[in-house]
Amino acid sequence: MGSVQKRKSILKCVLWFPIVLCVFYITSPSLRLLIGLIPMDKCSLESGKMLSPDNSADTNLDLGSRSDVQTCTSWKAPIIWEGMFDPKMYDQMHKKEGSSVALTVFAVGRYLDAYLKTFLNSSEHHFMLGLPVTYYVFTDTPQKVPDINLAPQRSIKVVKVAKYSRWQDISMMRMKTISDVIESDIRHHCTHVFCFDVDQVFTGRFGTEALGDSVALLHAHYYHLPKTLFTYDRNPRSKAYMETGDFYYHAAVFGGSWKRVKALTEACYQGIMEDKLKGVEALWHDESHLNKYLWLHKPSRVLSPEYCWDTSIGYRSDIQVKRLLWAPKNYKTLRTP
């Protein structure tokens, strides 16, 4: 019996080690600086013509222009970094194709007062300029959604949602809500969907180069770390369970065609509900399920951490542009009932 308990203790240590290291990393500036020196893998393709392209403009991506970072995946999808693309080419192509974008964002409880106005105003200056954009704001207090001065071809739809007592439930239930509104509304009006957390601020171009069939984002805190330290869900009882993966993706930003986003959100919601029936909750909630889905269904496009950067990480030479920033967070205030 003693040997069994010893093996269980060792297993717990192995499973929790990446999480403990992650906490140490977040609280240690010197460690974050050193991790930034760990080289990324390199793209094995010589030219954008060798990619499995999302669109015709991808063949013109300059994969060799950023020798300091990884510019493609092992399944030949591009990883988008500053310096690789011609923004005018993507803008012209998507305007010609009639692309339109639904942006979904949840502003529930104190998050609405703290972040929504800044998020929407900054989006009007930087997100998909020149394309039709519809904001879908999900909130428990529609009357508090601020008035925003919108550019032509841009509009806001406010959708009332329930307020859950736990922030974890709000985070996980957004998958069902997004899937439902894609089916009832978005698919009739928009070609693409991007889903954002509200506690972020646009600070630079977040443009048409980011549009694709299935779009994932490299997490700013993990893109230099070895895979063994990624905090995937390690509980075999969870539908989000992963032994390994390709990258660690951030659920603060994901997108794609409405069909692919609908498939992703439906699958994540199904996994969450199956876990609930077993009394299980994935380590990082909907983000854990998103990582599992994107491991099984590879994204056709990956965005670099430029597209969602945390300034607390400090200086990184490979981050030449900061397009979207994490806003300051006070979880103790925001997440109390």
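Here is a short chat about how a few labels in this structure were assigned.

Me: What kind of model is this, and how are residues numbered?
Reply: This is a predicted model, where local features need pLDDT of at least 70 and side-chain atom pairs count only at pLDDT 80 or more, while totals for chains, interfaces and linings use all residues. Residues are numbered from 1 along each chain as its sequence is written, and side-chain values use heavy atoms, with hydrogens and water left out.

Me: What makes Cys43 and Cys72 a disulfide?
Reply: The rule asks for a pair of cysteine sulfur atoms within 2.5 Å. The sulfur atoms of Cys43 and Cys72 are 2.0 Å apart, so the pair counts as a disulfide. By this rule the count comes to 1 disulfide. The pair links distant parts of the chain, 29 residues apart, with both Cys43 and Cys72 in the loop between helix H2 (29–35) and strand S1 (79–80). Helices here are DSSP runs (H or I, at least four residues), as are strands (E, at least two), numbered from the N terminus.

Me: Why is the disulfide of Cys43 and Cys72 called right-handed?
Reply: Its S-S torsion is about 100°, so right-handed it is.

Me: Why is Cys43 called buried?
Reply: Buried means under 20% relative accessible area, exposed over 50%, and partly exposed in between (1.4 Å probe, protein chains only). Cys43 has 19%, so it is buried. Cys72 has 2% and is buried too. Cys195, at 0%, is also buried.

Me: And what makes Gln143 exposed?
Reply: Gln143 has a relative accessible area of 63%, so it is exposed. Gln143 sits in the loop between strand S3 (133–139) and strand S4 (154–160).

Me: How do you know that the length of helix H4 agrees with its number of residues?
Reply: The expected span is 1.5 Å times one less than the number of residues. For the 17 residues of H4 (residues 110–126) that should be 24 Å, and the end C-alpha atoms are 25 Å apart, which agrees.

Me: Where is the kink in H4 centred?
Reply: On Leu116, with a kink of about 40°. The bend at a residue is the angle between axes fitted to the seven residues ending there and the seven starting there. Leu116 is also one of the buried residues of H4. Just after H4, Met128 takes a positive phi of about 50°.
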